[in-house]
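Let's take a friendly walk through this model, from one residue up to whole chains. Have the sequence and the 3D view at hand as you read.

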Amino acid sequence: MREQLEQLKKEALISINEAGEVEQLQDIRIRLLGRKGALTALMKGLGSLSVEERPAVGQLVNSIRDDIEAALESSIDTAREHAKFERLRSERIDVTLPGRRAATGTKHPISQVIEEVCDIFAGLGFAVAEGPEIEHDWYNFEALNFPPEHPARDMQDTFFVENDLLLRTHTSPVQIRTMLKQKPPLRIIAPGTVYRCDSDATHSPMFHQIEGLMVDTGVTFGDLKGILTVFTNLLFGQKTGVRLRPSFFPFTEPSAEVDIACVICGGKGCRVCKNSGWLEILGAGMVDPEVYRHVNYDAENISGFAFGMGIERIAMLKYGITDMRLLFENDVRFLRQF
Amino acid sequence: MNVTYNWLKEFVDFDLSPDQLAELLTMLGLEVEAMEKLGEGLDDVVVALVEEKRQHPNADKLSLCRVNNGKEAFDVVCGAQNFNQGDAVVLAQIGAILPGDFKIKKSKIRGEESSGMLCSEKELGLAVESNGIMVLPSNVYALGTPVFSVLGLKDTHFEIGLTPNRADCLSVIGIAREIAAKLGLKVNYQLPVVAESSDKVGSKIDVVVEDTDLCPRYAARFISGCKIGPSPDWLVKRLNAIGIRSINNVVDITNFVMMELGQPLHAFDCNCLSGNCIVVRRAGEGELFTTLDGQQRVLTSADLVICDAERPVALAGIMGGQNSEIEESTTSILLESACFNPAVVRKTSKRLGLHTESSHRFERGIDIGGVVRALDRAAGLIVELAGGISAEGCLDVYSSMIEPSAIQFRPERANGLIGIDLPREVVIDMLRRLECLVSEVNNGVLSVVPPSYRIDIEREIDLVEEIARLNGFDKIPVTMPIARISSDRPSRHQQLEKRVRNILIDQGMNEIINFSFTDPGAAGKLMLGEDDPRRIAIKLTNPLVDEQSVMRTSLLPGLLETVARNMNFRSLDLKLFEMRRVYMPVANEDMPLEPLFIVGAMTGSSDCDVWNRPSDMIDFYDVKGVVEVLLDLLCVGGVSWLSDETDTYYHPGKSCRIMAGRDQIGSIGEIHPTVQENFLIEKPVVCFEVDFEKLVKLSGSKCSITAPSRFPDSTRDIALLSPDDLQSAAIVACIKGVKAKEIEHVQIFDVYTGKGIPDGFKSIAVSIRYRSYDRTLTDDEISSLHKKVTDSLLNKLGISLR
């Protein structure tokens, strides 16, 4: 019987070794260890052995069963691993085919710049203010110290509408409306749509501006330089050179045009900056006492500054757009790039 | 304002290169917009001698010349006739680049070789026009030397963009004064001298100013015995250099003095002045007058005219008349130097569309104190260059002297506003450099009288600006303001505006921005009803084009035009939205309302670039989905979709009104085929419109959240046969109407018509999920609930189970 058992073990281990698949190994288990299996049959013959022989042979049977069991387990594991490996190998896909994307939309560049500028100023404590686009002459011009028949009005070709109203030519009337409602201290930023009758590659009859206003005690022209330096550095990158040079706006005095070092050539001179190395991006100045008079502020005890910029100009510089008309044609091939 | 380096140098002796001067002017607020260095790069244009001149063998009008530059001789073909053998001429050698990027190359002209070009003044940029080539005095200049250097023609031309407040800088002297003030130099004022006869001016001419408000000062001189002719070379060159064409000596002098001193002048032919007198008055209503340019103008009583005894002879401050202009035969002249009311000049010039160098200056205001000086300067030059003699003195009608008044000025106020700390003496010195009269008052206050030409300086703040400017904006220290903490946060309106934009973008939509003005025909294209309020639009009184002549009352026309434009470019898959204002007039209010609206349009394929399954075409439900997400995220409650009374521009069967409670907040629909045609759109488009202002009012916030049930759910499906016109919303409402709290979710998962379904019916499959919060529902409980639901559907809606 011992011989029979040893023979069985030997044959079993050979067939286990030869079997490559999980199913074959399961079959072997049933054939040998199942209820009607070969080892089970041999175990049934234990009864015919002498009492002395029985424990030793019994032990042998158990050890053979354990060995077969262990060999089966390990082979099944290997076979499973192999099968998994084969499956993974066969399931290769082309990862370069495009993904199935959810559609993505885009924000208009004008909205993007407005949001970015407002965010920067929100961080400096400026609240967003708004006002009507169809305005009274008084808010758009007179209260801003543009007297009737003054040549300064020529700087802004105005669209007029019925009822003696006009389309605001700048966002500055929002300053007036805000100051009439609110007493200093005041820090506002006013984005909005404005209109001038002018249309070519660099002028659009409708465009956008952002206006800023700060009024408090002891605000200086140096502070205006500070705020604008911080702002241009945040918008165009650290260490963007800023230059203020004297200019004229009826509602500020002293007034300044604000240039930044050309973002295209870095100040060396190129076509965009007309070889000057500078790009004009902002108008600014200290609020004129005449404006305070119109809103009943006491110019002796407070001071402040205002500044304004064209959004299109900034968008064009930021994104390298050369024709302003692209911004209003709404061609999706243009818009989808933002 | 155009000016040249050399001209400025005559008035102030600065030591700056042209580039440094440009920088200085720009930083003073006189922005140099363009700069042209005359003669730069023209070193290959040299003095040459014509050794031989003969007829071109193949062309009558050309000559063949042998010219020598001192080292070498060249053959040059020339078309001009105004020179001879032995003359010194200007030769542009091979390689020279003339103004206008004109490169001189070796060429063959009618079969003869030409190695260079003999130049005219025009070709060298020295004159606006020229007659023949430039001929130089013989034997004066060394052959081969660059012409611009030897003739002293090197100059730099500056184009200065002036702000409207700086009327004083519309003259060479004005700009020179700025340079002098900045550098602490003296301006070289030359006092004009006029040769006068013993005849008193009053015996020759008379001046009456009827309207002194509109003409506060009128000065005139009488000059007789002049000879009108060409101007001398220097004068022609000066004017040419700043872009003014020479006409004759007298007219050129008036232009020259205007550019030099900023005072517009006018010379009348005295023989044409009836009664030898000048009357300054308002024009008669409808009075006709022919200006120098030959145009007949119809005047109004708002215009100011200069008249002789009978008729107008000039439009005050704008342009002279044809009837009294200086001609070759003119011998006696009435020379005018006056000051007119800026507003009057501006109004007339604007109304007539007649903008001249003169009107430009009067509109901005001239130096009333300099009127006579300019008159004398011009008279002196006329006598010098055109001969003749001036009558003694000038008539100066100046009824009430206008002099600058003193301004109280506090230097510490200037320091405080600017953020600098200039010592008092420095401030005073700056003001004196600006030619202000400064005296101490008391308490540290200064009394400052600005010069008469600085009409822009009236208040203390104007002087503050002068100090900031002369100090240099670049020298003002950069500081950060000290501010009080404020508690502002964006308004709900502002927050939601941003949110809505982001929600739509996150759903794959591209934001567009259209002009706020639109075509007055847009309402018709949308087939809006005659009484639709959107038919009443605000009109522009001065539109650029008719298609942009009314303020929009709806965003749809712009949106549909955008769709059409994109389709023309073969962009057929579109998801666009616009969130902007519309402009609605309000009865009995002067200001219109400007509510914010949201519109969207979708068309084409609903997915982008899917390669393994066919993509669906966008329909009503894709758009409704976008709107549902928007309303859900903004927590707008009580939303329903009504298919009746939808807008005329929608497909009547594929559109709805979006309701929140009883209030319509928007609409969705496929665009009506006629409207689609009106906007030249090729393919169906589904649009939505939402009133943003109503969204702001209705949007809520999620404030109560329920914990999910921990017990299992059970889902039962029902297939219903319902009449075609029964809306699914009614079915869902009926199921929910059973009011069992165990009904957790109701979903329609299939709608089918066609084979197997009788005509006039549709099959609707609904899935209902049951779940309890406190226990596991038994089969019996669920069946009984489900029976309630099916009974309700059968009884209330009269539909059957399939």
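## A residue in a loop

A residue is called buried if 20 or more other C-beta atoms lie within 10 Å of its own, exposed if 12 or fewer, and partly exposed in between. Keep in mind that what you see is a predicted model.

With that in hand, take a look at Asn69(B). This residue sits in the loop that links strand 4 (63–68) and strand 5 (73–78) of chain B. Asn69(B) has 17 C-beta neighbours inside 10 Å, so this residue counts as partly exposed. Leaving aside residues up to four places away in sequence, Asn69(B) touches Val46(B), Ala48(B), Leu91(B), Leu143(B) and Gly144(B). From Asn69(B) to Ala88(B) the separation is 19 residues in sequence, and their C-alpha atoms are 9.9 Å apart in space.

## A sheet of three strands

Further along chain B, three strands make an open sheet in the order 27-29-28, with antiparallel pairing. Its edges are strand 27 (407–409) and strand 28 (437–440) of chain B, each of which pairs on one side only. From one strand to the next, the twist averages 30°.

You can follow one of these pairings in detail. Strand 27 of chain B runs antiparallel to strand 29 (residues 446–449) of chain B, and three bridges join the two. Ile407(B), for instance, has Val448(B) in strand 29 of chain B as its bridge partner.

## Chain B as a whole

Stepping back, chain B holds 21 helices and 42 strands. Of its 802 residues, 40% are buried. Among contacts in chain B between residues at least 6 apart in sequence, 69% connect residues at least 24 apart.

What about its overall dimensions? The C-alpha trace of chain B spans about 130 × 85 × 60 Å along its principal axes. Chain B has a radius of gyration of 42 Å, whereas a compact globule of 802 residues would have one near 28 Å.

## Where the chains meet

How many residues of chain B are in contact with chain A? There are 73 of them, and they meet 68 residues of chain A. On the side of chain B that touches chain A, the residues divide into 34 nonpolar, 20 charged and 19 polar.

## Confidence in chain A

For chain A, the mean pLDDT is 90, and 99% of the residues score at least 70.

Key:
Residues are numbered from 1 along each chain as its sequence is written. Chains are lettered from A and ligands numbered from 1 in the order in which they are written. This is a predicted model: local features need pLDDT of at least 70, side-chain atom pairs count only at pLDDT 80 or more; totals for chains, interfaces and linings use all residues. Two residues are in contact if their C-beta atoms, placed from the backbone, lie within 7 Å. Ala, Val, Leu, Ile, Met, Phe, Trp, Tyr, Cys and Pro count as nonpolar, Asp, Glu, Lys and Arg as charged, and the others, Gly among them, as polar. Two strands pair if DSSP finds at least two bridges between them. Helices (H or I, at least four residues) and strands (E, at least two) are DSSP runs, numbered from the N terminus. Axes are lines fitted to C-alpha atoms, for helices over the stretch in contact, and angles run from 0 to 180 degrees between N-to-C directions. pLDDT is the predictor's confidence in each residue, from 0 to 100. The radius of gyration is taken over C-alpha atoms; the globule rule is 2.2 Å times the number of residues to the power 0.38.
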